[in-house]
Amino acid sequence: MKQFIEKHKKEIFHMRHEAMTGLIYHAPWMLPDRYVFILTNLCNLRCSFCFQKKDPRKDSMKTQDWLALAKQLPSYSRVTLTGGEPFVFKGFDEVFDYVAKRFYCNIITNGLLFSEERIDRLLSFPKLSVVSVSVDDIGNKARDVKPEEWKKAEDMMRYFVRRRVELGSGCVLEAKTAVLDSNSDQLL
């Protein structure tokens, strides 16, 4: 038996590896249940406190790459789509459609690229759980956002809440913030 094992060591290792891979993939306690897809490093803003380098990258994943990755996730996954600004990603709709049909999902955005059409489309997916809008001070002045842009974003957030109720969506609209020296007096 010992000679057999020595002779077929590689084959036995491979068979055991394949069996373990199958077990891990199908066992809900073995793979993570939350995934974050940073679709792009690009953004429509240039916030001074942001760590993201906003230059286009030649090695960035394309729509088909994100879809191929999503197809490998276990069915119980939760996926967050973010960036940079996820709505800047050219393949956002295609990736979102696939993810939101198959998994519970969240979006983190700065809210400035909302439109009524986009909001209606997002809310048409029952598995969209949370849309987080980054807000960093009253009026969003810590960013390079013009007052009229922020007013539109506020109007779109109000539209989101109204449409969510009208459509019976369970999606939550929440605000996220970065606490900075420049905004802590407003937030606290």
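The model is a predicted one. The protein chain holds seven helices and five strands, and their order along the sequence is α-α-β-α-β-α-β-α-β-α-β-α. With a radius of gyration of 22 Å, well over the 16 Å that the globule rule gives for 188 residues, the protein chain is more spread out than a compact globule.

**Overall form**

- Taken along the principal axes, the C-alpha atoms of the protein chain fill a box of roughly 80 × 40 × 35 Å.
- Of the 188 residues in the protein chain, 37% count as buried.
- Among contacts in the protein chain with a separation of 6 or more, 74% are between residues 24 or more positions apart.
- Lysine 7 belongs to helix α1, which covers residues 2-7, and this lysine is exposed because its relative accessibility is 67%, over the 50% cut-off.
- Between the C-alpha atoms of lysine 7 and valine 145 there is a separation of 68 Å, the two residues being 138 residues apart along the chain.

**Salt bridges**

- Side chains of opposite charge can pair when their charged atoms come close.
- The count of salt bridges comes to nine.
- One of these pairs is aspartate 97 with arginine 121, whose closest N and O atoms are 2.4 Å apart. This pair links distant parts of the chain, since aspartate 97 lies in helix α4 (residues 92-102) and arginine 121 in helix α5 (residues 116-123), 24 residues apart.
- Aspartate 97 is buried, because its relative accessible area of 19% is under 20%. Arginine 121, at 27% relative accessibility, counts as partly exposed.
- Arginine 163 and aspartate 120 also form a salt bridge through their side chains, at 2.8 Å from N to O. Distant parts of the chain are linked here as well: arginine 163 is in helix α6 (residues 147-167) and aspartate 120 is in helix α5, 43 residues apart.
- Aspartate 120 has a relative accessible area of 26% and is therefore partly exposed.
- Asp120 and Arg163 also belong to a network of salt bridges that includes Arg162 and Glu166.
- A further salt bridge joins the side chains of arginine 158 and aspartate 155, at 3.3 Å from N to O. Both residues lie in helix α6, where they are three residues apart, about one turn of the helix.
- In this pair, arginine 158 counts as exposed at 52% relative accessibility, whereas aspartate 155 counts as partly exposed at 30%.

**Residues in the strands**

- Threonine 80 is part of strand β2, which runs over residues 78-82. Its relative accessible area is 14%, so threonine 80 is buried.
- Beyond its neighbours within four places in sequence, threonine 80 is in contact with Tyr35, Val36, Phe37, Asn106 and Ile108.
- Threonine 109 is part of strand β3, which runs over residues 104-109. At 2% relative accessibility, threonine 109 counts as buried.
- Leaving aside neighbours within four places in sequence, the contacts of threonine 109 include Glu85, Pro86 and Phe87. Phe114 is also in contact with threonine 109, as are Val131, Ser132, Val133 and Ser134.

**Arginine 164 in helix α6**

- Arginine 164 is another residue of helix α6.
- The C-alpha atoms of arginine 164 and isoleucine 119 are 9.0 Å apart in space, although the two residues are 45 residues apart in sequence.
- Not counting residues up to four places away in sequence, arginine 164 touches Leu123, Ser169, Cys171, Val172 and Leu173.

**The second largest pocket**

- The volume of the second largest pocket is about 240 Å³.
- Its lining consists of 14 residues, and those that lie nearest the centre of the pocket are Thr40, Leu42, Ser60, Lys62 and Phe89.
- By residue type, the lining of the second largest pocket divides into six nonpolar, five polar and three charged residues.

Terms used
Residues are numbered from 1 along each chain as its sequence is written. This is a predicted model: local features need pLDDT of at least 70, side-chain atom pairs count only at pLDDT 80 or more; totals for chains, interfaces and linings use all residues. Side-chain values use heavy atoms; hydrogens and water are left out. On a 1 Å grid over the protein atoms alone, a cavity is a set of points where a 1.4 Å probe fits but cannot get out, and a pocket is an open set with protein on both sides within 12 Å along at least five of seven lines; lining residues have an atom within 4 Å of a point. Grid points are joined across faces, edges and corners, and a volume is the space filled by probe spheres set on the points. Ala, Val, Leu, Ile, Met, Phe, Trp, Tyr, Cys and Pro count as nonpolar, Asp, Glu, Lys and Arg as charged, and the others, Gly among them, as polar. A salt bridge is a side-chain nitrogen of Lys or Arg within 4 Å of a carboxyl oxygen of Asp or Glu. Helices (H or I, at least four residues) and strands (E, at least two) are DSSP runs, numbered from the N terminus. Buried means under 20% relative accessible area, exposed over 50%, partly exposed in between (1.4 Å probe, protein chains only). Contact means heavy atoms within 4.5 Å. The radius of gyration is taken over C-alpha atoms; the globule rule is 2.2 Å times the number of residues to the power 0.38.
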